[in-house]
Amino acid sequence: MATRSAKRVLDAAVEAARWAPSVHNTQPWMFSVAEDEISLRADTDRKLRVGDASGRELLISCGAALFTLRTVMRCEGFEPIVRILPDPDRPSLLATLRPGADIQADELTVALGGEIERRRTHRAGFADVPVPDELIERLVRAASSEGAHLTPVRSADAVDVIAALTRAAQGVQAQDRRFSLEVIRWARPPGSNRKDGVPAEGYPRQAPRTEPHFAQRDYAWRHDWGSQADQRGSVATGVVAVLTTPGDSRQEWIDAGQALQHVLLHASAYGVSAAFHTQVLEMEPLREFLRREVCSGEYPQMIMRLGVTFDDKTSVRRPLSEVLE
Ligand SMILES: Cc1cc2nc3c(=O)[nH]c(=O)nc-3n(C[C@H](O)[C@H](O)[C@H](O)COP(=O)(O)O)c2cc1C
């Protein structure tokens with residue numbers, strides 16, 4: 001591959017990877033480009049010390065960035081050669097990628113690439129529009145292709161259990177000063193020009209409750225923050241789904257992140273958004289309960305609701321100069 005075109009492909013991939021989802025929009029990644037290789041590193045200064053002491057959510061976030069890099073490389077006409085956790089002596093080096101054989105990206109890959117910047121996290125109920133079963137089946141296959149399992153929760157009783165766990169976890173975290181301070185640290189007031197964290201324009205000021213109610217994170221924390229978007233018609237829970245992995249290793253957290261972004265981009269290409277409720281997974285006893293009782297012993301990595309929404313949401317990202325070494 002000619003040097004000039006290698007540089008263009010690698011730059012385009014890193015530029016796009018900034019738009020991956022990350023817990024509290026911490027963007028816990030650093031990229032470097034040397035010759036024809038991209039290195040993806042964890043930025044552990046951005047780890048949530050309270051909610052994510054093990055770094056699980058950090059690695060899921062970086063895994064989502066890795067899937068984004070792979071997708072852009074494919075869209076640019078190269079099969080990526082990826083090494084995950086290539087050097088045990090450098091645990092922060094999560095992956096390296098190089099453009100391999102020439103390929104012609106298929107229609108679906110091009111569609112995924114088109115969703116990278118458009119996809120947004122939703123934080124309310126969904127419109128009363130069903131998500132086709134066939135799409136859910138495709139999302140399940142997308143997760144499997146990355147080594148994770150997406151399980152739509154079809155039983156109303158199991159959905160109730162997950163909703164109740166979400167409320168319990170949110171209730172406990174709201175009472176815990178350490179958790180609250182961490183969320184406040186990453187919440188941004190209206191009009192903030194910070195390029196990380198969750199902006200006040202990223203969630204509604206008031207959202208009617210879904211039935212059963214899935215507790216949202218309290219990014220507004222005692223403030224009258226949030227967008228004024230009219231949410232009256234948005235009360236559907238959507239399809240509740242849990243993303244799991246067979247084990248709980250660092251490699252599997254990265255796999256879960258790649259699966260997450262594969263699922264989200266595919267869903268977005270069909271007009272479906274996701275809302276997340278991952279408080280439960282930050283509290284080991286509750287996560288363990290969910291693992292045994294709802295996830296057939298697999299390790300839950302993400303809890304989401306999938307549905308259709310018509311409102312526009314905002315998010316922000318740091319400029320390339322801050323994430324490229
Ligand atoms: C591991 C992980 C956990 C997350 N947990 C939540 C959550 O509990 N509640 C929520 O509203 N968003 C959650 N998110 C979504 C992030 O807040 C979101 O990706 C980030 O703010 C960037 O916004 P965007 O996805 O709209 O681009 C999570 C994302 C990741 C990767």
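Select His122, Arg123, Glu201, Gly202, Tyr203, Pro204, Ser227, Ala229, Gln231, Asp311, Asp312 and Lys313: these residues line the second largest cavity. The model is predicted, with local features needing pLDDT of at least 70 and side-chain atom pairs pLDDT 80 or more, while totals for chains, interfaces and linings use all residues. Residues are numbered from 1 along each chain as its sequence is written, and side-chain values use heavy atoms, leaving out hydrogens and water.

A cavity here is a set of points, on a 1 Å grid over the protein atoms alone, where a 1.4 Å probe fits but cannot get out; a lining residue has an atom within 4 Å of a point. Grid points are joined across faces, edges and corners, and a volume is the space filled by probe spheres set on the points. The second largest cavity holds about 50 Å³ of space. Its lining has three nonpolar, four polar and five charged residues. In this division Ala, Val, Leu, Ile, Met, Phe, Trp, Tyr, Cys and Pro are nonpolar, Asp, Glu, Lys and Arg are charged, and the others, Gly among them, are polar.

**The largest cavity**

Next, select Ser22, His24, Thr121, Arg123 and Phe276, which lie nearest the centre of the largest cavity, out of 32 lining residues. The elements that give two or more residues to this lining are α2 (56-75), β7 (198-199) and β10 (299-307). Helices (H or I, at least four residues) and strands (E, at least two) are DSSP runs, numbered from the N terminus. Colour α2 separately: four lining residues, the largest share, come from α2. The volume of the largest cavity is about 490 Å³, and its lining has 10 nonpolar, 14 polar and eight charged residues.

The domain bounds come from an automatic or database domain assignment.

**The pockets**

Now move to the open spaces. A pocket is an open set of grid points with protein on both sides within 12 Å along at least five of seven lines. The largest pocket holds about 460 Å³ of space. To find it, select Ala207, His213, Ala215, Gln216 and Arg217, the closest to its centre of the 23 residues that line it. By class, that lining has 10 nonpolar, seven polar and six charged residues.

The second largest pocket has a volume of about 270 Å³. Select Arg118, Arg119, Arg120, Ser268 and Ser273, the closest to its centre among 15 lining residues. Two or more lining residues come from each of α7 (250-269) and β9 (273-276), with α7 giving the largest share, three residues. The lining has four nonpolar, four polar and seven charged residues. Domain 1 (3-119) and domain 2 (133-307) each supply at least three residues to this pocket's lining.

**Charges over rings**

Show the side chains of Arg138 and Tyr270: Arg138 lies over the face of Tyr270, at 4.8 Å from the ring centre. Then show Arg291, which lies over the face of Tyr299, at 4.6 Å from the ring centre. A charge counts as over a ring if NZ of Lys or CZ of Arg is within 6 Å of the ring centre and within 35 degrees of the ring normal.
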